[in-house]
Amino acid sequence: MVKDMKYKELAIFLLMGNLFLTGCGASDSVSAAESTSNVTEVAVKTISDNTSNKDTSDMFTERDEKINYDEESSSIITLADDKSSCNSDAVEIAENTITITDEGTYILSGKLTNGMIIIDAQDTDKVQLVLEGAEVTSAESAAIYVRSADKVFITTASGSENILTNGGTYTPIDDNNIDAVIFSKDDLTLNGAGILTINAAAGHAVVSKDDLVLTSGTYNITAEKHGLSGKDSVRIADGTYHITSGKDGIHASNTDDSSLGFIYIEGGDFEITAEDDGMHADSALTVKGGTIHVAKSYEGIEGLSIDITGGNINVTSSDDGLNAAGGNDSSGFEGGGGDIFAVEEGAYIHIAGGTLHVNASGDGIDSNGDLEISGGETYVSGPTDGANGSLDYNGEGKISGGIFVTAGSSGMAQNLSDSSSQGVILTAVDAQTAGSTISLMDSSKNELVSWTADKEYAFVVVSCPEITLGETYTLTAGSSSQEITMDSLIYGTGGMGGHPGGHTRGQNRPMKDGEAPRQGGPMGEQQESEL
């Protein structure tokens, strides 16, 4: 469903927004012992027609992942207020502004309490900055500003701790709209074996107007707006990320080219607290591995398309957990309209692997197009209100593999469609409290599924590979238990939008324990005779 239709009146939302702004935080530093990455290795998937055709083989270059450097051939920059020095003619020092004008490797150490590093090289030059115990604060601009280069690599030296800060404003110094602590007009790569803390009292933490690539290192990010932002893409191979942001934790947006503005995550450890989206991509958002915890967000993970093939993902959202919708960002701050049942071209969610836990106050999984589940384990808690559903798709929703369990309210309950090749059970249950366990056993008392819901619920969807046609199963949800015989591979279908497994909107009488949703058309069409 188009998320904009779910917005409350603006005054109510702003009041709630003030509440969201309190009580959340993340530490600004992390010890070296905490910086160990936990990456899940996942094979590249091959899936159906909905799959993004993007070639992922060239997401990272060898140099993106290279963190070593030759100190003897590097230029040494020592930072100190009004006393900075360097042994290279390619470095210009004017009071506390350090300008690098040629390619090469530059090692920075020391401290500037109000200064900045500018890279102004040829557009064919590759420049590597090695932060080796560097601390730079810029009161009114970026701490590191890439004005011109082919590509810049910012590497944290092994064991080093580095801090980059903006003081709270951005005063123009040229024609570029600098609005981040690290601001780059060209391709930018962050890597290393040290720690980088970025504090953006105003604006964003890191912005690249081309590709933003991160392959290693530990990052503690606090930003008024976005944490990590790339115009063409954000690509992450590995690393440890603690992000607290006033808008999106990770953001990619390109209004000029619909094939760009994508996010690609291969691995890493992520702890994200955002007031808007945990991750937002205008186009494709792909997660292949890693450990991702979106502790707070308006929408957890959003892209025109979402592919999840691996990883351990936990998402908490005040609206949708996963949302496949075209590039409408700032969803936590703006409203809008649209056809809530329209299928949006290119929109889909595909879950092929990994473990996904969603705790949502809006729709748990919401696709403005198709939904496909072919593997992995997916568990959805919420919503508790009748205006949203654990599952919401506008196109076709099918399952062919994996474990899939949702527990939420009954008002907008939706089942998967009969094009599914794996058995699905959708049923109402007596109202259950948060913390109650949902389990499914076969006729031989073998437990097939067991999961504890995070929220109260009155409706359950369960699917696993062991559910087969003609067999009988016992579904237990807290204090409620019922036997279900699979006379059809899809147990419990509802109708809205003209396809089996649709929404069960407009059911005005309470559903009984064990009752499947009734077939029917648009809201009120079948129910009028019962009122």
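Asp 211 belongs to strand 15 (residues 211–214), strands being DSSP runs of E of at least two residues, numbered from the N terminus. The model is predicted: local features need pLDDT of at least 70 and side-chain atom pairs count only at pLDDT 80 or more, while totals for chains, interfaces and linings use all residues. Residues are numbered from 1 along each chain as its sequence is written, and side-chain values use heavy atoms, with hydrogens and water left out.

With a relative accessible area of 16%, Asp 211 is buried, a term that denotes under 20% relative accessible area with a 1.4 Å probe and protein chains only. Its side chain makes a polar contact of 2.7 Å with that of Ser 233; such a contact is a pair of N or O atoms within 3.5 Å, of which, within protein, one must be able to donate a hydrogen and the other to accept it, and residues adjacent in sequence count only if both atoms are side-chain atoms. Beyond neighbours within four places in sequence, Asp 211 is in contact (heavy atoms within 4.5 Å) with residues including Asp 187, Leu 188 and Arg 235.

Elsewhere, strand 36 (residues 424–432) is mostly covered, with seven of its nine residues buried. Strand 36 pairs with strand 39 (residues 457–463) in the antiparallel sense over six bridges, where pairing requires at least two DSSP bridges between the strands. Within this pairing, Phe 459 of strand 39 is the bridge partner of Ala 428. Strand 36 also runs parallel to strand 42 (residues 490–491), to which two bridges join it; here Ile 425 stands opposite Tyr 491.

Definitions and conventions
Buried < 20%, exposed > 50% of the residue type's maximum accessible area, 1.4 Å probe, protein only. Helix = DSSP H or I, 4+ residues; strand = E, 2+ residues; numbered from the N terminus.
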